Amino acid sequence: IRLVGYLGIKAPMTKTHYKNPLFIVGMPRSGTTLVQGILCNTGSYFPIPETHFFSRVGYGLPEKLNSDQREKLYATLTGKSRIEVDKNEFMKFDTQESIFNYIIDTFNNDNRDKFLEKTPRHVFFVPKILSYYPSAKFICMLREPKNVVSSQITTTRIDNKSIIRLAFLYNKIAAAILNLKENENVVFIKYEDLTNDPQSTLKSLFEFLDMAYDPSLIETVSAPPEIVAKHEFWKNKNINQSTIFENREYKWSNSLGNGEANLINIITKKYAKQLGYETDVKWLPAIIGFFKDVKKLVVPREFRRFLSKIHG
């Protein structure tokens, strides 16, 4: 793996309007919003909230859509992704590709020729995205597993998320990331590198994007409010963040006990190592952590997600 340290409704544009789009994918809670904010602050990209288009809105539907399928897609877009578009215009399109382009167009108030879309779970759909945009580039974010899981259980209003489910979700995402390791359209960034050595990491990133790097960018890293949806309260800190904070390696210990931490280490050990993270395992605390967590896993909501290929 290559590692380097709202809305105004418009008439539809054509697919060829967008030449070199950029997608930020990878681990959740790994600095994706931070990187999106920095890049939007350059003025090269217009701000877009997470669309969840491939992982949620169009997931399970065919590329060519009939009227009922377009109605379903529209309901998911407005209900779950909470993106509002003109329904009459929306229903004129009959493919997922044309609908996705239309959604992007609604945020393009300055008629720019490239966009930046950030939905971490789109890491599962890189081949499909490349079929739409062969020249697209991807920033794939990585982070140590315990901090990923810890952040997911603390930045939510949903109680009793299963540690086991989230650890296996880490593995599913890691496997998708590893499938991209030979793809020249993808650059991989560790959250730890970004926060511990932001200048070098961002300089390498900008080289990958063929953009001039301005060192002063790390002095204004606040995210544009337009990329934060109302329900994403955990991202509000990104709007007010003025600089990149140094990584806290053991931040996970604020919300995870010893048993939970060792349980995560056991479940994710194989994939974490392949992503460059070494983990220690103590079996007795992990077993205790397992029996404490399994009652959360068997809750129907959590168990359904556990069985999902891309939703955890």
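**Group meeting: fold, surface and salt bridges**

The chain has 14 helices and four strands. Keep in mind that this is a predicted model.

Overall dimensions first. For 312 residues, a compact globule would have a radius of gyration near 20 Å, and the chain agrees, with 20 Å. Along the principal axes, the C-alpha atoms fill a box of roughly 60 × 50 × 35 Å. Of the 312 residues, 53% count as buried. The accessible surface is about 14400 Å², and carbon and sulfur atoms account for 51% of that.

Now charge. I count 44 positive and 33 negative side chains. The centres of those two sets sit 7 Å apart.

Two surface patches to look at. One is positive: Arg56, Lys72, Lys80 and Arg82. Take Lys80 from that group. Lys80 sits in the loop between helix H3 (67–79) and helix H4 (87–90). Its relative accessible area is 54%, so Lys80 counts as exposed.

The other patch is nonpolar and covers about 470 Å². Trp283, Ile287, Phe290 and Phe291 make it. Phe290 belongs to helix H13, residues 283–297. With a relative accessible area of 34%, Phe290 is partly exposed.

On to salt bridges. Side chains of opposite charge can pair when their charged atoms come close. The count here is nine salt bridges.

Start with Lys118 and Glu50. Their closest N and O atoms are 2.6 Å apart. Lys118 lies in strand E2 (residues 116–118), and Glu50 in the loop between helix H1 (32–40) and helix H2 (53–57), so this pair ties together parts 68 residues apart in sequence. Buried or exposed, Lys118 and Glu50? Both are buried.

Next, Asp210 with Lys137. Here the closest N and O atoms are 3.4 Å apart. Asp210 is in the loop between helix H10 (198–208) and helix H11 (236–240), while Lys137 is in strand E3 (residues 137–142), so parts 73 residues apart in sequence are tied together. Asp210 is exposed, at 67% relative accessible area. Lys137 is partly exposed, at 23%.

Then Lys92 and Glu89. Their side chains meet in a salt bridge, 2.9 Å from N to O. Lys92 counts as exposed, at 58% relative accessibility.

Last item. Which residues are linked in a network of salt bridges? Arg165, Arg301 and Glu302.

To recap the pairs: Lys118 and Glu50 are both buried, whereas Asp210 is exposed and its partner Lys137 is partly exposed.

Note on methods. Residues are numbered from 1 along each chain as its sequence is written. This is a predicted model: local features need pLDDT of at least 70, side-chain atom pairs count only at pLDDT 80 or more; totals for chains, interfaces and linings use all residues. Side-chain values use heavy atoms; hydrogens and water are left out. The radius of gyration is taken over C-alpha atoms; the globule rule is 2.2 Å times the number of residues to the power 0.38. Buried means under 20% relative accessible area, exposed over 50%, partly exposed in between (1.4 Å probe, protein chains only). Accessible areas come from the Shrake-Rupley method with a 1.4 Å probe; for residues, only the protein chains shown count as cover. Lys and Arg count as positive and Asp and Glu as negative; His and the chain ends are not counted. The place of a charge is taken as NZ of Lys, CZ of Arg, CG of Asp or CD of Glu. Patches are made of residues with over 30% relative accessible area and no salt bridge: like charges are joined within 9 Å, nonpolar side chains (Val, Leu, Ile, Met, Phe, Trp, Tyr) within 5 Å. A salt bridge is a side-chain nitrogen of Lys or Arg within 4 Å of a carboxyl oxygen of Asp or Glu.
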